[in-house]
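Here is a friendly walk through one structure, feature by feature. Have a look at it before reading on.

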Amino acid sequence: MPVPPPPFPTDSHPDEILTHPGEEDDEVFPLESLENTSVTATRTLVVETRTTLKIRRCRLEIIAGAGLGQDLVTEKERIRVGSHASNDFVLQDRTTSRQHFEIQYTERGYLLVDLQSTNGTYLDGARVERAYLKKGSQVGAGQSLIRFAPIEDEIKLDPAGEEPLGEMVGASAKMRQIFGLLRRVAPMDVSVIITGETGTGKELAARAIHENSPRKRGPFVVLDCGAIPENLIESELFGHEKGSFTGADRAREGAFERAQGGTIFLDELGELRLDLQPKLLRVLEQREVRRVGGNDVIDIDVRVIAATHRDLQKEVQQGRFREDLFFRLAVINLHLPPLRQRSEDLGLIIEKVLASPETVKRHGHKRLAPQTLAALTRYAWPGNVRELMNVISHLLTFAESDTIDVGALPARLVTEVRDGPLAFDERLSFKDAKDQLLEAFEREYLTTVLKRCGGNITRAARESGLHRKSIERLCKKYELDARELKGR
C-alpha cells in the first residue's frame with residue numbers, strides 16, 4: 001500500500017482547502033447542508049465564503065557552480081532539469097546532460113530520477129538513479145549543486161465578482177467562490193478533478209481553466225470515457241497503428257497526442273475500465289504514450305482535467321477505481337453544485353441565452369413572464385443546466401409572442417411544480433428523509449419521462465437533459481424496464 005503524505009497541521013485555518021489527502025478528514029459533507037460556511041474534506045473543495053487554498057510547491061536553487069543563485073519555484077508535478085532550453089530548470093553548466101534529471105511528485109513525496117545522464121546524478125554526495133528528496137536535500141549534476149526545498153503556500157480566496165467566467169454565469173455565493181478558485185487554479189499546471197451531478201457544467205469549468213491558463217493557445221481535447229465503446233477506449237486515448245486490430249486500416253493519433261501542448265479533458269472518468277486505469281496512470285507518470293500495436297514511445301506535454309458524477313473516494317474504497325490514479329489526478333478536486341442549490345442563478349443563465357446573438361437572430365428578442373420564471377425556479381432540475389438548456393429551446397420553439405408565458409412550459413414542469421408541502425417522515429434523520437424524497441422523485445420522474453417517450457431512452461435523454469448513461473443507471477437502480485414502459 002502506498003504511504004500517504006503527512007496530514008496538514010491540526011491548527012490549520014478552519015476555512016482552508018486541502019490539495020492533497022490527509023488521514024483524518026475523510027468525510028465529504030453534502031453541499032446543501034451548509035449555510036455560510038466552508039468544509040475541508042479529503043481533496044474535495046466545497047466552498048462558500050472567504051477561503052484559503054494550500055498549494056504544494058517546491059523550490060530549486062543553485063548553491064554552487066554556474067548560475068549561482070538561480071532558482072525556480074513551481075507547483076508542477078514533474079520538473080525536468082538539464083542544459084537544454086526545453087527543461088523547466090535550465091542549467092548553464094556545460095558538464096550537465098541535455099536532460100539530466102527530473103523530480104516527480106508521487107504519493108510518497110518528491111522523487112528524484114536520473115535521466116540516464118552522462119556523468120550521473122548525486123543526492124547528498126551519493127550517486128543515485130531514483131531516490132526520495134527531503135527538505136534541504138542537495139542534488140549534484142555536473143559541476144552544479146542544487147538545493148531542494150518543499151513549500152506549502154496559502155492563497156486567500158475571495159469570491160469573484162458577478163462577471164461570467166468563460167461560458168459560465170452565476171451571481172450566487174457558491175458560484176462566485178468557484179469562479180475565484182478557478183481563476184487561481186488555472187495558471188497552475190496541475191491536474192484537476194471536477195465532480196458534480198450530470199449537467200452541472202463540468203466541461204465548461206474545464207474550458208474556463210484551460211482558457212485562463214498558459215496553455216490557452218494549445219488545443220483543448222475532450223474525451224468522454226462513458227460514451228466510447230469499451231473495445232475502442234484504449235485506441236481513443238492512446239492512438240493505434242495500422243493493422244493493430246480489425247478495422248484499423250490506418251494509423252491514428254489518440255486524444256493525448258492531439259492535446260499536445262494543451263489540455264485533455266477526460267469526461268466521466270469514473271466509467272473507465274479498471275484494466276485501463278494502470279495504463280492511464282503510466283501515461284500520467286511517465287508523460288509518454290505508446291499507441292496500440294506500436295513500439296515507439298511518444299513524449300507528451302499535456303495538462304489533465306478529469307470529471308465524473310461518481311464519488312471516486314467511494315469507488316476507490318469499493319475497489320472500482322485505483323487509489324494511485326485518484327491521487328495522481330486529484331491534486332485539486334472541485335465540486336460543482338447542482339442547479340437546485342443555486343436557483344438565484346437561474347434568471348442570469350436564461351437571460352444570457354436569450355440575449356445571445358444566435359438566439360436573437362433565430363427567434364428575435366424574447367423575455368420570460370415573471371410567473372414563468374417563478375415556475376422554473378420552483379422546479380427541481382434533476383438534469384441541471386443541461387436540462388435547463390433543453391427547456392429554453394422548447395420555450396423558444398413554442399412561444400407565440402415576445403413574452404414567454406407559463407403556457408409555453410413543457411407539461412412535466414407544470415405538473416411537477418407543486419405549491420403544497422412535501423410529504424416526508426419526520427422521524428427519519430435529515431439525510432435519510434432527504435434521500436427518501438429524492439429517490440421517490442427520481443423514480444416518478446424517470447417513469448413519467450420514459451412513458452411519454454414510449455420507452456425510448458435516447459429520446460428520454462434528449463428531453464430530460466440527462467445523459468443516456470445516467471438514465472440507464474437510474475433504470476438499473478430502480479429496476480425499471482424501459483421496454484415495459486413502451487406500451488403503457
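Q: What should I know about the model before I start?

A: This is a predicted model, so local features need pLDDT of at least 70, side-chain atom pairs count only at pLDDT 80 or more, and totals for chains, interfaces and linings use all residues. Residues are numbered from 1 along each chain as its sequence is written, and side-chain values use heavy atoms, with hydrogens and water left out.

Q: Let's begin with strands. Is strand 6 largely enclosed or exposed?

A: Helices (H or I, at least four residues) and strands (E, at least two) are DSSP runs, numbered from the N terminus. For accessibility, buried means under 20% relative accessible area, exposed over 50%, and partly exposed in between, with a 1.4 Å probe and protein chains only. Strand 6 covers residues 78–82, and four of its five residues are buried, so the rest of the structure largely encloses it.

Q: Which strands does strand 6 pair with?

A: Two strands pair if DSSP finds at least two bridges between them. Strand 6 runs antiparallel to strand 8 (residues 101–106), with four bridges joining them; Arg80 has Glu102 as its bridge partner there. With strand 7 (residues 89–90), strand 6 pairs in the parallel sense over two bridges, and Val81 is partnered by Phe89.

Q: Which residues touch the most other members of the largest nonpolar core?

A: A nonpolar core is a set of buried Ala, Val, Leu, Ile, Met, Phe, Trp, Tyr and Cys residues joined through side-chain atoms within 4.5 Å. The largest one here has 38 residues, and Ile350, Leu376, Trp381, Leu388, Leu395 and Ile471 touch the most other members. At least two residues of this core come from each of helix 8 (346–355), helix 10, helix 11, helix 13 (430–452), helix 14 (457–464) and helix 15 (468–477). Helix 11 gives the most, with six residues.

Q: What is Ile471 in contact with?

A: Contact means heavy atoms within 4.5 Å. Setting aside neighbours within four places in sequence, Ile471 is in contact with Leu446, Ile457, Ala460, Ala461, Ser464 and Leu466.

Q: How many aromatic pairs are there?

A: Rings of Phe, Tyr and Trp (its six-membered ring) pair if their centres lie within 6.5 Å; planes under 30 degrees apart count as stacked, over 60 as edge-to-face and the rest as tilted. A search of the whole structure finds six such pairs. Phe220 and Phe265 are stacked, 6.2 Å centre to centre with 15 degrees between the planes. Phe220 lies in strand 16 (residues 220–224) and Phe265 in strand 17 (residues 263–267), so this pair ties together parts 45 residues apart in sequence. Both Phe220 and Phe265 are buried. Tyr379 and Trp381 have ring centres 4.7 Å apart and planes at 85 degrees, so they are edge-to-face. Tyr379 is buried, at 4% relative accessible area.

Q: And charges: how many salt bridges does the search find?

A: Side chains of opposite charge can pair when their charged atoms come close. A salt bridge is a side-chain nitrogen of Lys or Arg within 4 Å of a carboxyl oxygen of Asp or Glu. The whole structure has 23 of them. In one, Arg340 and Glu197 meet at 2.5 Å, N to O, linking parts of the chain 143 residues apart. Arg340 is partly exposed at 34% relative accessible area, and Glu197 is partly exposed at 29%.

Q: What about Glu257, buried or exposed?

A: Glu257 is buried, with a relative accessible area of 13%. Glu257 forms a salt bridge with Arg291, whose closest N and O atoms are 2.8 Å apart, and Arg291 is buried too, at 15%.
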